[in-house]
Amino acid sequence: MEAEEDKTVRVGDSEATDGPEHRQPEASDDAVALMSSFEPEELQRCVFTESLVVLSESGRELGTFNVTVQYAQKVQQPCLLLHAQSHGTIDGAPCGTTVTAFISCELEVLEEEYHEYIKEVTKESASYPMSSLRGLITEGSSLLLMRLITLRKTVPENMQFVTLDKQLNIIHITFSDLGEKQMEVSGQVREVFGIQRMVHCGKGRPDTWENYFLTNGHLVSRHQVGSPVTMRLLQQPPRTEGPEKVSLTQVERTVDFLERQKELKEEYALYLRQHPEIRALISDFMQFLLLRKPENVYKFAKEYFSPFPIP
């Protein structure tokens, strides 16, 4: 059965004490400076959508990986909204991850939601003061940071950021240059730029990802060292003359849409909580549907529900 893992972290309380008592890892000054060094034009070039295919070692398609970056607004300030989603199957079982992050123009994470399909339901939370999360790079903001680094075609050396592990402990994360090489994309050989991301999880070996990007910031290949799967771009992104100009009106419309979408989700969730019989009714219908496996699903549904007149 599919289950969902929720992770939340609260920041901003200068006297927060929920986090571990030992000395926390800290980001380097160079890393913090890099986060605030990107110009608006560079950020604008990162506003696009990309889609990759998840492949096994034998080349079999296992799922998809999609990333979208767009302009938005959070806590009354303009920002970037990054939404990343992967889904597929492993050994016949469905799996997937969804990341939704609001990121400021200085790459500060204003809010991030992380959902992952796992074997059991777990919910964890932690509180840290803002000073502990100086130079924080999350799963979402790391995708944006690597796009920006690719556009500059250089990875600054000796930089350490901080991130949160699955238990919401503060750990170090670093990025290094894998250099340039050629890679086949949609039947054409293209120049790509490599960035290695390393998450330093305590005393063991760090979790390492090798990422390769086209010079325009589009992700071509993403692979975790030791994993049997790789994410690959199979179709080249369309060529554009330059970054798309986004007006304030477009930003406001996007913000209005996101706010309304959030309101609707809350309304729907409340209604379902108030009427638990809905889930029971749908569950009974689905079981009966799968048992009978009718050719005409619409006719079957009509006949199934027609004996129940609406009062």
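These legends describe close-up views of one predicted model. Local features need pLDDT of at least 70 and side-chain atom pairs count only at pLDDT 80 or more, while totals for chains, interfaces and linings use all residues. Residues are numbered from 1 along each chain as its sequence is written, and side-chain values use heavy atoms, with hydrogens and water left out.

**View 1. The chain as a whole.**
The chain holds six helices and 13 strands. These are DSSP runs, numbered from the N terminus: helices are H or I with at least four residues, strands are E with at least two. Of the 311 residues, 38% count as buried. Buried means under 20% relative accessible area, exposed means over 50%, and partly exposed lies in between (1.4 Å probe, protein chains only). The accessible surface comes to about 19,500 Å², and 51% of that belongs to carbon and sulfur atoms. Areas come from the Shrake-Rupley method with a 1.4 Å probe; for residues, only the protein chains shown count as cover. Among contacts between residues at least 6 apart in sequence, 56% join residues at least 24 apart. A contact means heavy atoms within 4.5 Å.

**View 2. The largest nonpolar core.**
This core has 49 residues. Phe65, Leu107, Leu145, Phe161 and Phe175 touch the most other members. Helix α3 (residues 139–152) gives the most to the core, with seven residues. A separate, second core has six residues, including Ala27, Leu133, Leu136 and Ile170. A nonpolar core is a set of buried Ala, Val, Leu, Ile, Met, Phe, Trp, Tyr and Cys residues joined through side-chain atoms within 4.5 Å. In soluble globular proteins, nonpolar side chains tend to be buried together.

**View 3. Surroundings of phenylalanine 175.**
Neighbours within four places in sequence are left aside here. Phenylalanine 175 is in contact with Ile137, Ser142, Leu145, Met146, Val155, Pro156, Phe161, Ile195, Gln196 and Arg197.

**View 4**
Strand β8 (residues 161–164) pairs with strand β9 (residues 170–185) in the antiparallel sense, over four bridges. Two strands pair if DSSP finds at least two bridges between them. Phenylalanine 161 stands opposite isoleucine 173 in β9. Five residues lie between the two strands of the hairpin. In the turn, leucine 168 has a positive phi of about 65°.

Lysine 166 and glutamate 116 form a salt bridge, their closest N and O atoms being 3.8 Å apart. A salt bridge is a side-chain nitrogen of Lys or Arg within 4 Å of a carboxyl oxygen of Asp or Glu. The pair links distant parts of the chain, 50 residues apart: lysine 166 is in the loop between β8 and β9, glutamate 116 in strand β6 (residues 109–118). Lysine 166 is partly exposed, with a relative accessible area of 48%. Glutamate 116 counts as buried at 16% relative accessibility.

**View 4. Salt bridges of helix α3.**
Seven salt bridges are found in the whole structure. In one of them, glutamate 42 meets arginine 152, with the closest N and O atoms 2.8 Å apart. Glutamate 42 lies in helix α2 (residues 40–44) and arginine 152 in helix α3, so the pair ties together parts that are 110 residues apart in sequence. Glutamate 42 is buried, at 16% relative accessible area. Arginine 152 is partly exposed, at 33%. Glutamate 50 and arginine 147 also meet in a salt bridge (3.1 Å, N to O). Glutamate 50 is in strand β2 (residues 49–55) and arginine 147 in helix α3, 97 residues apart. Both residues of this pair are buried. Elsewhere, Glu139, Arg197 and Arg222 are linked in a network of salt bridges.

**View 5. The loop between α3 and β8.**
Lysine 153 is found in this loop. Its phi is near 60°, a positive value in a residue other than glycine. Lysine 153 counts as partly exposed, at 47% relative accessibility. Asparagine 158 is placed in the loop between α3 and β8. Asparagine 158 has a positive phi of about 55° and counts as exposed at 70% relative accessibility. Most residues other than glycine have a negative phi.

**View 6. A nonpolar surface patch.**
Ile282, Met286 and Leu290 form this patch, with about 290 Å² of accessible area together. Leucine 290 sits in helix α5 (residues 277–292) and counts as exposed, at 53% relative accessibility. Patches are made of residues with over 30% relative accessible area and no salt bridge; like charges are joined within 9 Å, nonpolar side chains (Val, Leu, Ile, Met, Phe, Trp, Tyr) within 5 Å.
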